[in-house]
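User: Here is a structure that I would like to go through step by step. Please take my questions on its contacts, domains, strands and helices in turn.

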Amino acid sequence: MLEDAVVRKVLGAALATGGEWAEVYVEDRLSHNIRLEDRRVEELVTGRDRGAGVRVVRGTASAYAYTNRLDVEALLEAARVAAAALREAPQQEVRDLRRREPEVRHPVAVDPAGVQRTTLAELVRRADEAARGFDPAVAQVTAGYGDVRQQVQVANSEGFSTLEERVRTRFVVQVVAARDGVVQTGFDGPGRSQGFELLDEFPPELVARNAAGRAVAMLASRPAPAGEMPVVIASGNGGVLFHESSGHGMEADLIAKEASVYHGKQGRRIGVERFNGVDDATVEGAWGSYAFDDEGTPAQRTVLFENGVCTDYLTDLIRARQLGLRASGNGRRQSYADVPIPRMTNTYVLAGDDDPEEIIRQTPRGLYAKSLGGGQVNPVTGEFVFGVVEGYLIENGEVTTPVRGANLVGDGPSVIAAADAIGNDFEVKEGICGKEGQGVPVGNGAPTMRIARMTVGGTGGPA
Amino acid sequence: MTVELDGIVERLAGEAAGGEGVEAYAELTTETQVNAFQGEVERLTSASSSGVGVRVVRDGRLGYAYTADLSDQGLRECLAEARANLEVSSEDPGNVLPEPGDHEALDGIFDPRQAAAAPERKVALALDLEARTRAADPKVTQVESARYGDVVGQLAIASSNGVRGSFSVTHAWCAAVALATEDGQSQVGFAVDAARALDDLEPGPVAREAANRAVRMLGAAKPPTRTIPVVFDRMVAPSLVGVLLAGLSAEEVQKGRSLFADKLGQRVGAAGLQLVDDGRLVDGPGAAPFDAEGVATRRTVLIDDGVLQCFLHNTATAARGGASSTGNARRASFKSTPGVSAHNLFLAPGELDQAGLLAQAGEGLLVQDVSGVHSGANPVTGDFSVGVSGLLFRGGELAEPVREVTVAAQLLDILKGIVAVGSDLRFTTGSIGGSSLLIGQMTVAGA
């Protein structure tokens, strides 16, 4: 990390041509990733990445230059390159850098860097064994463990600096099951802003059985029906849907460009009365959490929907200023090679009052989406598509035949307006969210939810 | 700087101890991106970054480490980490380094005009693209994104087996997303152009295409569910071909994850269908004289007249399968070990342009956008179900726009159902070239 004197000098050079404010972001990242495939420990990779980016901002315009040389000369050159893109304004001063202290912490009990390589190899082997032992139909297992220690320093010419060490650990298992010519896959991948203690809560055997269970359950599936029907989404998975179909539209860059279906909807009733959604970077130890965002703004909890009413948007510094909103601490970047943009952290649909089993009992006919795959959304229209990786028919209030190849199609506002049952359970799914080519860790949580009507795409013909 | 990369990889390769193979792969990239918004430069990014990845093999084991710290100490630590990681990896006949071979230089992948392009011209191009997109149609109410980007890259590789190579490459591209609004409905349209140098980019056609694709979707509604012919637009065809690509990698075949695994020599596609990967096709962005482990690139016909001919190999999959490498080792960056992928993959173009395909089909759906490919298309099982939007057509003429539609089928049925490949093949920024594709019948699910 850089000394304050160096940082001040770089910020000074960055502001030399008339930016309103400037920022230096320094990152040093050490990662370990081990992967087992086809019963073999294929690779263990150690990665050391570091670099710094200098950003100069005027209004909504910004220039960014980065380098992975951390000497003063390289940093000053980056500052000059960034500054050269902005001109014609009076020069600003660099204020004294006050160190911000974290309000939330994400403690690490066991430092992953101290874990033996042989222990890591054993973890993935245990997962392989557990998955293969789950059912004779399990044909292939991929198991992976990854940890990263990311040191982040941010200094802003308006007079603050932050220093944070983030540690994240994740364990993932993917299983392929095959029987009678049918092939299905299953996945599980818990992750936390924690150390190696993650594995105490999620031992390899547990994760492996979850993944194998999903794959094996789907072997008996038949092609999903197509058409409109009620859809019950299992706990956790509704969070993924909420993230994609509504969360992205509440990111302030899209709001500012009027490129979101939620533009101008603050204070308006969008969802059913019982619908509450938040984005919360302060949840201790959660996968999407941190102490400061990648612009040095303290992590916060932002209410997106309160009793169905659209409340707040997710901002970075530029968009907060532009729109006259609070800086919500959602300015994130994948690495020093990227500019921060408004991103989600841990995005949760809050639990309601309904008994999850009762929700299914009161659904005469529909689809039970037990596990969703990735999704895609067009934030302008709010339209989305989601793959259902583990799905079942609901017939006469009971979960019956597994179905494969189902896709959920709809748009965000309609979904939360049609959420006619919200369970009293809650679960979180971890993932990597991609936007503008940048991937950041996000957690998505939700209770069991029923959407009264939704388009299901499948190959099994009309429902 | 090329000299510097060459020196780094040669020094690392020279560190190999007895019985051990060491390969070093180094990259240096300089990039610029400019985003224009409402007549101003919204964002300019300029970057220079470099790194090296070290692969160590011994007794059939593999160790890998990478670092962005190119100091002597950083490189020493990186090699030590790779050696330590080797100790816990399993033995695999694929853990070998390639023998050195000849590779011919490839003219046309590096354009010196790009390396010398002034920043002002890059900014001007982005602003011009934004202005043209806004002006292209009165219904365009916003230009959601107008971008220019470029990369000048240098790459060097050396191994203790005697592999040596380095080359430079340039890419420039511009892309626009137009937002059109009418009667409270908004629609977006995307278009992109790519070349080896900024001088060859054409912002005018990009602007018109982005605007047209947004405007023609206005008023889109959900159609009734039907089974009809479907034409995939040139810009969406790569997503479709991309799903096939995974199954054509020998790595996926060997790991039992390819639906093509037992289909060598069998008919997998319509008669006349030819699928080619050409690492020496300079029109494609994936062109390179050698692959990510120094093996010479070539032209590989994967499917010929509908019959599966071979799979794509790197040195590891070739060693495991008793085959020889097709020069298809690829890495996302110095941070990863070589995997298997295509350089420039495409379906050999046919006779008719898109209008011709629409006329041939008569009535059906033209798909202009697909979403959910990464979740809705499963290359292992062959299930394929994605969300699409586009325009219905009748009598070969485009008619009303539709949205919130899903199309679903089995991947192999899609391949066999390709009635015609368009003549409009084009590569832009990805490793898959796109042509319009006419599929005989697909279930199109709406209301």
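The questions and answers below go from the chain contact to the domains, the strands and the helices.

Analyst: This is a predicted model, in which local features need pLDDT of at least 70 and side-chain atom pairs count only at pLDDT 80 or more, while totals for chains, interfaces and linings use all residues. Residues are numbered from 1 along each chain as its sequence is written, and chains are lettered from A and ligands numbered from 1 in the order in which they are written.

User: Which element gives the largest share of the side of chain B that touches chain A?

Analyst: Counting two residues as in contact if their C-beta atoms, placed from the backbone, lie within 7 Å, the contact takes 63 residues from chain A and 56 residues from chain B. Helices (H or I, at least four residues) and strands (E, at least two) are DSSP runs, numbered from the N terminus. With 11 residues, the largest share on the chain B side comes from residues 40–58 of chain B, strand β2.

User: Which element gives the most to the side of domain 1 of chain A that touches domain 2 of chain A?

Analyst: By bounds that come from an automatic or database domain assignment, chain A is divided into domain 1 (4–27 + 48–99) and domain 2 (223–457). The contact between them joins 13 residues of domain 1 of chain A to 8 residues of domain 2 of chain A. On the domain 1 side, the elements that give two or more residues are β1 (21–37), β2 (40–58) and β3 of chain A. The most, 6 residues, comes from β2(A).

User: Which strands stand at the edges of the open sheet of 6 strands in chain A?

Analyst: The sheet has mixed pairing and the order β13-β12-β11-β16-β23-β22 (chain A). Because each has a single partner strand, one side of each is left without a neighbour in the sheet, and the edge strands of chain A are therefore β13 (309–310) and β22 (427–435).

User: Which residue of β12(A) stands opposite A:Asp280?

Analyst: Strand β11 (residues 277–280) of chain A pairs with strand β12 (residues 301–306) of chain A in the antiparallel sense, over 4 bridges. The residue of β12(A) opposite A:Asp280 is A:Arg301.

User: Is α4(B) roughly parallel or oblique to α5(B)?

Analyst: Axes are lines fitted to C-alpha atoms, for helices over the stretch in contact, and angles run from 0 to 180 degrees between N-to-C directions. Helix α4 (residues 119–135) and helix α5 (residues 203–215) of chain B pack with their axes 8 Å apart, at an angle of about 40°. Angles under 35 degrees count as roughly parallel, over 145 as roughly antiparallel, 65 to 115 as roughly perpendicular and the rest as oblique. The angle therefore makes α4(B), relative to α5(B), oblique.

User: How does α1(A) lie relative to α2(A), roughly parallel or oblique?

Analyst: Helix α1 (residues 4–14) and helix α2 (residues 72–84) of chain A pack at about 25°, their axes being 8 Å apart. In the contact, A:Val6, A:Val10, A:Ala13 and A:Ala14 of α1(A) meet residues of α2(A), among them A:Leu75 and A:Leu76. The angle makes α1(A), relative to α2(A), roughly parallel.

How values were computed
Two strands pair if DSSP finds at least two bridges between them.
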